[in-house]
Amino acid sequence: MYAIMETGGKQYKVQSGDVLFIEKLDAAEGDKVVFDQVLAIQNDKGLKTGAPYLKGATVTATVLKNGKGKKIRVFTYRPKKGSKRAMGHRQPYTKVEINDIKARAAAKKAAEDAPATEE
């Protein structure tokens, strides 16, 4: 079973147990994150696609690490002007491990878990 999800403006094909480097998330190490922008899910019943997202489909992951990528050096200059500038950039990332892929959120389960209201 695999899913195609979207986060940080990029799409990823994920399976349970995959480790990904994605755009930085506002989550600490060890936190659980839920991605609800799932574009498609392939399972033994076939391929389900959304328009653009599947309703109720979620991908659950654990944050392993927050860090910065390798430094990229950028050099700009203007010919014959003596103007030069060197810059560097390190893109922040979040390393996550995919735990679970759910095709539908259990609406019945949510209804059962909700506390009963007494009047």
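This is a predicted model: local features need pLDDT of at least 70, side-chain atom pairs count only at pLDDT 80 or more; totals for chains, interfaces and linings use all residues.
I started with S4 and strand S7 (residues 58-68), which pair in the antiparallel sense over four bridges; two strands count as paired if DSSP finds at least two bridges between them. Strands here are DSSP runs of E with at least two residues, helices are runs of H or I with at least four, and both are numbered from the N terminus.

Residues are numbered from 1 along each chain as its sequence is written, and side-chain values use heavy atoms, with hydrogens and water left out.

**Sheet**

I then traced the whole sheet: it is open, has four strands in the order S3-S10-S7-S4, and pairs antiparallel. S3 and strand S4 (32-35) are the edge strands, each pairing on one side only. I got an average twist of 45 degrees from one strand to the next; axes are lines fitted to C-alpha atoms (for helices over the stretch in contact), with angles from 0 to 180 degrees between N-to-C directions.

Next I clicked on Val34, also in strand S4. Buried or exposed? Val34 is exposed, at 54% relative accessibility. My cut-offs are under 20% relative accessible area for buried, over 50% for exposed, and partly exposed in between (1.4 Å probe, protein chains only). Leaving aside neighbours within four places in sequence, Val34 is in contact with Thr58, Val59 and Thr60, where contact means heavy atoms within 4.5 Å. I also checked Val34 against Asn99: they are 65 residues apart along the chain, and their C-alpha atoms are separated by 10.0 Å.

**Rings**

I counted two aromatic pairs. The rule takes rings of Phe, Tyr and Trp (its six-membered ring) with centres within 6.5 Å; planes under 30 degrees apart are stacked, over 60 edge-to-face, and the rest tilted. Phe21 and Tyr93 make an edge-to-face pair, at 5.1 Å centre to centre and 70 degrees between the planes. Phe21 sits in strand S3 (residues 19-23) and Tyr93 in strand S10 (residues 92-102), so this pair ties together parts 72 residues apart in sequence. Phe21 is partly exposed at 49% relative accessibility, whereas Tyr93 is buried at 14%.

I noted a charge over a ring too: the charged end of Lys13 sits over the ring of Tyr2, 4.4 Å from its centre. That needs NZ of Lys or CZ of Arg within 6 Å of the ring centre and within 35 degrees of the ring normal.

**A buried threonine**

I looked up Thr7 in strand S1 (residues 2-7). Thr7 is buried, with a relative accessible area of 10%. Beyond neighbours within four places in sequence, Thr7 is in contact with Tyr12, Ile22, Leu25 and Phe35.

Ala51 and Pro52 are joined by a cis peptide bond, with omega about -5 degrees. Pro52 is in the loop between strand S6 (46-49) and S7. Lys80 is not a glycine, yet has a positive phi of about 65 degrees. Lys80 lies in the loop between strand S8 (72-78) and strand S9 (83-89), and is exposed at 86% relative accessibility.

**Whole chain**

Buried residues make up 24% of the 119 residues.
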